Amino acid sequence: MRIGVIHHSLNSTGGGERVCLSLIKALKNKGFDVVLATTEKTEWDVVEKRLGCRVDVEEVSFLPFRLRMFGIYQRLLTGFLTPALKRSVDIIINTHGDMIFGFADITYMHYPVIALKYEKPEVYVKYRQNIFWRSYFAPYEVMQKTLLKMFLKNSLILTNSKYSARAIRKYLRRNSFIIYPPVDVEFFRTNLDKKENNLVLSVGRYTPEKRYELIPLIAKECKDAEFVVVGSVSLKAEPYYQKVKSLVEKYGCKNVKLLRNIPLEELKELYARASIYLHLMAGEHFGISVVEAMSAGCVPLVHRSGGPWLDIVDQGKYGFAYGNVKECCKKINELTKMDLSSMRKKIQKRSQDFSEEKFQEKVIKIIEDYLSLVS
């Protein structure tokens, strides 16, 4: 049987791309013939370097080059490949995370983009920041509502968390099946004898939604803790990185270290040493870095919202949460003085629930059940 997988681009190498690659590997391991449809041709050397994964798959692309503008709109272009794709495959699976101009039998929706404008104020959404971004987003919102009526009506929807499932139900009036994204929990898994009780680690791209500008405010109230922020810095992200750096200098935070674009082995060593993993993003749809940290035995401290709170730490069962900066500081000061050794083992075990093997088992089961119903 031949299956088409649609994903606008694998070159951004984020969590959605991990989902797509893991799905393709799972399908091929089960003997399915797979064709990948993308907006831009995959730069496999880049994907392998950043995600440690390369798959041998037939690929058709809408563009022969990388288009570095109109991000949300170029995603829709992949849909124009679906009529031809449909003639050569048995079913189509859309993993790019939103609706496209074309029917997909199964859609893995990370979070409905049209729901972003309704997020709470503490959730950073660039499309509502000023009149330019609001104007930029407005046509896309109209398109998505049209696509919902045209193409999503008969698609089976999968999603990445309870948080996303609630948004899909509220704004799209559809139910969805929750399949947690695949996380490489084995790579960061480590013995727990290297932990430094005062080391607080945060990991993620240097972008405004990660809220790293709060780090200096927290660090100056937690003088016994050492804060390390690790993230990639793209050309577009450079101004934000400089903003965070200037705030660290302004507040004289000697206990903050900002690291950028470090090797994976260096990150692994930091996970091994860190005692607390601080996740500052509010309204995170899932939170792969939280699971990575837990696999290394770091105790997670997350914002009381989104997938990290609802799904990963299970509302306090496998970690801690805060609602504001003051509460965050208080909790860090408490945790650095606690013996967390017994909790670390529990947290490390919990991370196994989000492994790539678990993802592949669940997604293949759903695909096979779907095929048995439509065949």
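Which residue is the bridge partner of Gly 4 in β4? In this predicted model, the partner of Gly 4 is Ile 92, and this contact belongs to a pairing in which β1 and strand β4 (residues 91–94) run in the parallel sense over 4 bridges.

Strand β1 also pairs with strand β2 (residues 33–40), again in the parallel sense and over 5 bridges, with Ile 3 standing opposite Val 34 of β2. Between β1 and β2 the chain passes through helix α1 (residues 15–29), and this β-α-β crossover is right-handed. In a regular strand the side chains alternate between the two faces of the sheet. In β1, Arg 2, Gly 4 and Ile 6 point one way while Ile 3 and Val 5 point the other way, and all are buried. Because 5 of the 5 residues of strand β1 (residues 2–6) are buried, that is, under 20% relative accessible area, the strand is largely enclosed by the rest of the structure.

Together with helix α11 (residues 288–295), β11 and β12 make a right-handed β-α-β unit. Strand β13 (residues 320–322) is likewise parallel to β12, joined by 3 bridges, and Val 302 has Ala 321 as its bridge partner in β13. From β12 the chain reaches β13 through helix α12 (residues 306–312), in a β-α-β crossover that is right-handed.

Definitions and conventions
Residues are numbered from 1 along each chain as its sequence is written. This is a predicted model: local features need pLDDT of at least 70, side-chain atom pairs count only at pLDDT 80 or more; totals for chains, interfaces and linings use all residues. Side-chain values use heavy atoms; hydrogens and water are left out. A crossover is right-handed if, with the strands pointing away from the viewer, the path from the first strand over the helix to the second runs clockwise. Helices (H or I, at least four residues) and strands (E, at least two) are DSSP runs, numbered from the N terminus. Two strands pair if DSSP finds at least two bridges between them. Buried means under 20% relative accessible area, exposed over 50%, partly exposed in between (1.4 Å probe, protein chains only).
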